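This report describes one protein model.

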Amino acid sequence: MISLCALLIGFALDLLFGDPPRCPHIVVGMGKMISLVEQGLRGIFPPTARGELHGGTIMAVLLPLFWGGLAWALLFCCELVHPLARLPLESFVCWQCLSLRSLREAALKVSAALKRDDLPEARLALSRIVGRDTSMLDETGVVRAAVESVAENTGDGVIAPLLFLLVGGAPFGVFYKAINTMDSMVGYRNSRYLHFGRAAAILDDMVNFIPSRMAGLLAVPVASLFKLNGRNAWRVFCRDRFNHSSPNSGQTEAAFAGALRIQLGGDAVYFGETVSGPTLGDDDRLPEADDIELANRLLHGVSFVCLLLGLVIKGVIVCR
């Protein structure tokens, strides 16, 4: 029950404050450790495909276990003092595992710049939330990329950590966050990380398998609730959810594309190279700046519905 209270407090803190810039953040610590461990493992293993694969696999296994175990140990020590002593710490950790407000604010900076007809500023704001090259995107491309980012992060930035927190409290949430942070740093298919980051990328795909599909499915009724096109969201979700290089990102992107009646996906530029990709949704109309705000509504709706369902299910299990 303490873990559920901590999750509710953490969720509320995230909605109210997001990620304050001066507040120490667990992801920053994870990022620094990942960089140090990568450097150390590259020095130990030979710079061959096999050596990099072995080093990356060791990191992918040990780091999430370390961070999840550290969270469990700290909470256990607090509980030895008093059962309620773990509540403040666990609430803080739950807060740091979620990124609902920060994602919303980052996306809205893009739409605000577009509404001021400031395309360069919109590109700059977009570059902070996507990994692709944004310097040559037109307004339609900027909107499309921003909606894709909101849709994808609905799954791995909010729903996935929510589910892990619901199942196992803060230790599970931290365990997931370590995996997701590793993937964001080393899970690239380029010359540097093709082998070293493979295990992290596979592990991230595994832990996001269920959350991404749940997020996509929940987006369908939420779209209808917000007077978007829920029927089309379901149609496009069923048809296009595997039209993506990632087995998970397409789940939410397809549902969002259908709800908004726009087309997502297609070609994108990464590290100076154009990467061709399939599309999701129908090209019924050109994406507009308002679509970013509509995508944020879906993000919030899906998050609240997931939290509510999780609390009800968890409450029933606990009461038994």
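Is K227 buried or exposed? K227 is exposed, with a relative accessible area of 79%. Here buried means under 20% relative accessible area, exposed over 50%, and partly exposed in between (1.4 Å probe, protein chains only).

## Basis of the model

This is a predicted model: local features need pLDDT of at least 70, side-chain atom pairs count only at pLDDT 80 or more, and totals for chains, interfaces and linings use all residues. Residues are numbered from 1 along each chain as its sequence is written, and side-chain values use heavy atoms, with hydrogens and water left out.

## Two loop residues with positive phi

K227 sits in the loop between α9 (209-225) and α10 (230-240). Its phi is near 60 degrees, a positive value in a residue other than glycine.

D117 is not a glycine either, yet it has a positive phi of about 60 degrees. The loop between α5 (100-115) and α6 (119-127) holds D117. D117 is exposed, with a relative accessible area of 69%.

## Overall fold

The protein chain has 12 helices and four strands. These are DSSP runs numbered from the N terminus (helices: H or I, at least four residues; strands: E, at least two). The radius of gyration is 20 Å, close to the 20 Å from the globule rule for 320 residues, so the chain is as compact as a globular protein of that length. That radius is taken over C-alpha atoms, and the rule is 2.2 Å times the number of residues to the power 0.38. Along the principal axes, the C-alpha atoms fill a box of roughly 60 × 55 × 35 Å.

Contacts are heavy atoms within 4.5 Å. Of those with a separation of 6 or more, 72% join residues 24 or more positions apart.

## Surface and burial

Buried residues make up 47% of the 320 residues. The accessible surface comes to about 15,400 Å², and 65% of it belongs to carbon and sulfur atoms. Areas come from the Shrake-Rupley method with a 1.4 Å probe.

## Nonpolar cores

A nonpolar core is a set of buried Ala, Val, Leu, Ile, Met, Phe, Trp, Tyr and Cys residues joined through side-chain atoms within 4.5 Å. The largest has 76 residues, of which V110 and L126 touch the most other members. Helix α7 (residues 139-186) gives the most to this core, with 18 residues.

Leaving out residues up to four places away in sequence, L126 touches V110, T134, L137, V142, A145 and A146. Another core, of five residues, lies apart from the largest one; F164, Y176, I179 and V207 are among its members.
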